[in-house]
Amino acid sequence: MRLFGFAGWSGSGKTTLIERLVPRLTARGLTVSLVKHAHHSFDVDQPGKDSWRHRQAGCSEVLVTSAMRWALVHELRGEREMTLDDAIARITPCDLLLVEGFKTAAVPKLEIWRQSLGEPLLFPGDPHIRAIATDDPGRFTDRLIAFGLDDIDGIATFVLSEATDGQARR
């Protein structure tokens, strides 16, 4: 399984870029999966639904399955947060595993950055950032590979050339 990550501040457009990128990658015949780190409490259940009620009642895990999909929700209940390596170990093998939000992971990454957010750049302090996708790519061409946010084909080719085999390291 090959890995490639996406890093950037909240609101920079990571999810939108990945959403546009995945169809280009799957059109090249690849199976693509994703691991996303959320920095806050999140819920895939709807309050009041059976699975939510079972989790609220104290179940450690609730697996919901249908003819279309399945989902497993695991409550940590004081256990340590999952590492990227933990998540990778649970993913069904695929050709390319995209990683969103594990900023400190030692995997090749693309930084997504917008000046309008007013946040600092990540790449000067992260040697794993190989390129940047931004609304002002000309600003960075002297420092690293830079893509416009709409250069989806160029980013797809770059991701495939930079994706690495093996496990992630924190």
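A charge sits over a ring if NZ of Lys or CZ of Arg is within 6 Å of the ring centre and within 35 degrees of the ring normal. Keep in mind that this is a predicted model.

Q: What makes the charged end of Lys103 count as sitting over the ring of Trp9?
A: The distance cut-off is within 6 Å of the ring centre. The charged end of Lys103 is 3.8 Å from the centre of the Trp9 ring and sits over that ring.

Q: Why is the pair of Phe4 and Phe158 called edge-to-face?
A: Rings pair if their centres lie within 6.5 Å, and planes over 60 degrees apart count as edge-to-face. For Phe4 and Phe158 the values are 6.2 Å centre to centre and 90 degrees between the planes, an edge-to-face pair.

Q: What parts of the chain does the pair of Phe4 and Phe158 link?
A: Distant ones: Phe4 belongs to strand β1 and Phe158 to helix α4, 154 residues apart.

Q: Why is the pair of Phe123 and Phe140 edge-to-face?
A: Its centres are 6.1 Å apart and its planes at 85 degrees, so the edge-to-face label applies. Phe123 lies in the loop between β6 and β7, and Phe140 in the loop between β7 and β8, so the pair ties together parts 17 residues apart in sequence.

Q: Which element gives the most to the lining of the largest pocket?
A: That is β4, with five residues. The largest pocket has a volume of about 1,500 Å³.

Note on methods. Residues are numbered from 1 along each chain as its sequence is written. This is a predicted model: local features need pLDDT of at least 70, side-chain atom pairs count only at pLDDT 80 or more; totals for chains, interfaces and linings use all residues. Side-chain values use heavy atoms; hydrogens and water are left out. Rings of Phe, Tyr and Trp (its six-membered ring) pair if their centres lie within 6.5 Å; planes under 30 degrees apart count as stacked, over 60 as edge-to-face and the rest as tilted. Helices (H or I, at least four residues) and strands (E, at least two) are DSSP runs, numbered from the N terminus. On a 1 Å grid over the protein atoms alone, a cavity is a set of points where a 1.4 Å probe fits but cannot get out, and a pocket is an open set with protein on both sides within 12 Å along at least five of seven lines; lining residues have an atom within 4 Å of a point. Grid points are joined across faces, edges and corners, and a volume is the space filled by probe spheres set on the points.
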